[in-house]
Amino acid sequence: MALIELKNVSKIYHLGSEDVIALNNINLKIEKGEFISIIGPSGSGKSTLMHILGCLESPTKGDYFFDGVNVKDFGDSRLAYMRNRRIGFVFQNYNLLPQFNVLSNVALPLLYCGIGSKERNRMAAEALRSANLTHRNRHRPGELSGGERQRVAIARAIVNNPDIILADEPTGNLDQKVGKEIISLFKGLNKEKNVTVVLVTHDLNVAAMARRIVRILDGEIIEDKENNIGTL
Amino acid sequence: MELYEFFKTAIQSALLNKWRTFLTTLGIVIGVYSVVILVSLGEGAKLYFADLFSGMGSNLLIVLPGKKDTKGGAPHPMINTVRKLSLSDMEFLKKRGRTFETVNGLIMGGGNTKYSNRQRDLMIIGTNETFSYIHNMPVESGSFISAEDVLSKKKVAVIGHTVLKELFHNENPLGKQMTVAGGRFTVIGIMQSKGQSLGIDMDDIVYIPLTVAMDIFNQEGLTRITVKANSASNIDASIEEVTDLMKKAHSGNEDFTIISQKDMLSTFEKIAATMQLVVLGIASISLLVGGIGIMNIMLVTVKEKTREIGIRIAVGARRIDILIQFLIESITISLLGGIIGLLLGLLTIVIFNSLVPDFQVRLTPWIFMLSFGFSVFVGVVFGVFPARRAANMNPIDALRYE
Ligand SMILES: Nc1ncnc2c1ncn2[C@@H]1O[C@H](COP(=O)(O)OP(=O)(O)OP(=O)(O)O)[C@@H](O)[C@H]1O
Ligand SMILES: [Mg+2]
């Protein structure tokens, strides 16, 4: 069974009298352990797709099966559970809490699954090690570089051992060198922990590293191909 | 998320904007402070008056000249154009009364007293032999005024402790001569110390025979007649009989007022009830204002934290978690105000009590519960709206918020 299956998913925004079709009849299957990159021009619906996959938004039409269960019927707390335990989200702009230190930021998801503070800190520190960021635990996000911040965000995404990491342009704000490091971090997580990774990117070099590339245009999947020369 | 974590988050958030939090709590501080002070004052007053009236004795009736329709208070002295209370009224009551055992007549005035080279202005009470018994005020040494002293207008005086101290410098006054309102009196007794009552020093009084006082003050009327009923439980029958007899003595006119402890207590209770309403009014207005302040700040906080809310939802917070987080934050602010208000109130009461020892403001245990309950209530009521706004945010919009 596929980890994720979208069936005829559409997302339509109503802007006044005008309807914006952000996603149009998307069908997509993702198996466990895959590394997929999603590419497409600005406004094509990549983020919308990621938000639906991440249970941050629900589709206007169609069904979303996660591990064989239709997420469409989920209420708020089951959706929250999905975001908390099974999905890790990484944003382009990091989305860290500026008033919390690095360790607390990474431990944030654990607050919502009833884990005691000692264990939270232990798990957060471990996630930070997995993200190759040590000796920064007591710093605030504002004191870190962009690449370091993104490592914190990745640590937060993996702290609860999710099945899948959804990364929406995680290197968009980083220079090429640091971007490469971040991508290889995802690569390592995918290889070592068998975490499924879905990566939205504008960078064709980055996309080309994935074994599977999904191309989106105007809310539709126009290409979904194996990439045999991909290293991921 | 555990409750402890919610409070930790709330306190961190409150500390992030110390001044804002402090200013926001002010409304609640003032509200709780005024409730604490007013309730404690009310409780203190209740006790004080209950004490005072119980000292009066539940089986005593006081007959005052002049009629007042509303029960309880003394009539205004200026409307005293009616017939006065006379010695013969007193004798009549004494002779005919069946439901009461003793009658006392009393006349009050002020005057100058002298002993050796010292002098003192103080209260002079003219009364008869029953006074000491009726008011449960025995002499400490010597004797009180006797029936014979009243009858023969003997110039004798009984003095209180303050007089003894100030005028006689504690030398034995018994048998000594002192001047009271120009006349020479022989001191025959010293009253037991009684302390203060309603701000009057009950020991700074000279007692002389009733008849002598009437002459000195050139008065035909008594200030009041006090009747001691046979039993406190049958006080109503005594009131009826005294009314009856007094009417007879005053050719059918009810130109006098009878006060009982019951009347005074009920009057006081009415005052207390009114006061409590006023307290409630003040409290609810200030708590309303304080609550609106909290709601206002919480709306600002929710707006400022839009992004944070989005992040928390994205990593797995349920809407109920967000709701509780902001509700607890508003409760924390409100509770903080409540605690500050309570502490300020306690401080004020302690200072007040040490400055004014005669009137003790009373702290009741439930004032703590009340302040606590009020603060939590305000925090919840005025926190719900902002918290719901936070909980209902769309996470994607929240994450996009700049
Ligand atoms: N909340 C919304 N309300 C109305 N329209 C929206 C909303 N969110 C997205 N859209 C529209 O849906 C379309 C797809 O947007 P989306 O953000 O998914 O694009 P994208 O592929 O991620 O673009 P980019 O590469 O610039 O991030 C756009 O036309 C956008 O204007
Ligand atoms: Mg996007």
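Which elements do the buried residues of α2(A) pack against? They pack against β4 (61-66), β6 (87-90) and α3 (102-111) of chain A, together with α10 (306-314) of chain B. Packing here rests on contact, meaning heavy atoms within 4.5 Å. Helix α2 of chain A covers residues 76-86, and its buried residues are A:Leu79, A:Ala80, A:Met82, A:Arg83 and A:Asn84. Buried means under 20% relative accessible area, exposed means over 50%, and partly exposed lies in between (1.4 Å probe, protein chains only). Helices (H or I, at least four residues) and strands (E, at least two) are DSSP runs, numbered from the N terminus.

This is a predicted model, in which local features need pLDDT of at least 70, side-chain atom pairs count only at pLDDT 80 or more, and totals for chains, interfaces and linings use all residues. Residues are numbered from 1 along each chain as its sequence is written, chains are lettered from A and ligands numbered from 1 in the order in which they are written, and side-chain values use heavy atoms, with hydrogens and water left out.

Now turn to chain B. It holds 13 helices and 12 strands. Its radius of gyration is 32 Å, well over the 21 Å that the globule rule gives for 402 residues, so chain B is more spread out than a compact globule. That radius is taken over C-alpha atoms, and the rule is 2.2 Å times the number of residues to the power 0.38. The C-alpha trace spans about 105 × 50 × 35 Å along its principal axes.

Of the 402 residues in chain B, 48% count as buried. Take contacts between residues at least 6 apart in sequence: 78% of them join residues at least 24 apart. The chain exposes about 19,500 Å², and carbon and sulfur atoms supply 62% of that area. Accessible areas come from the Shrake-Rupley method with a 1.4 Å probe; for residues, only the protein chains shown count as cover. Chain B also has 39 positive and 35 negative side chains. The centres of the two sets lie 4 Å apart. Lys and Arg count as positive, Asp and Glu as negative; His and the chain ends are not counted.

One residue shows the inside of chain B. B:Ala157 lies in strand β5 (residues 156-159). Its relative accessible area is 0%, so B:Ala157 is buried. Leaving aside residues up to four places away in sequence, B:Ala157 touches several others, including B:Phe185, B:Val187, B:Val206 and B:Ile208. B:Met178 is also one of these partners. B:Met178 is 21 residues away along the chain, yet the two C-alpha atoms are separated by 8.4 Å.

What about cysteines? The structure holds zero disulfides over all chains. A disulfide is a pair of cysteine sulfur atoms within 2.5 Å. For A:Cys55, the nearest cysteine sulfur is that of A:Cys113, 16 Å away. Seen from A:Cys113, the closest cysteine sulfur is in A:Cys55, and 16 Å is too far for a bond. Both residues are buried: A:Cys55 has a relative accessible area of 4%, and A:Cys113 has 15%.

Last, look at the backbone of chain A. Most residues other than glycine have a negative phi. A:Asn25 is not a glycine, yet its phi is positive, about 55°. A:Asn25 is found in strand β2 (residues 18-30) and is partly exposed, at 45% relative accessibility. A:Asn132 also has a positive phi, near 55°. A:Asn132 sits in the loop between α4 (117-130) and α5 (146-158). At 55% relative accessibility, A:Asn132 counts as exposed.

Note on methods: Charge placed at Lys NZ, Arg CZ, Asp CG, Glu CD.
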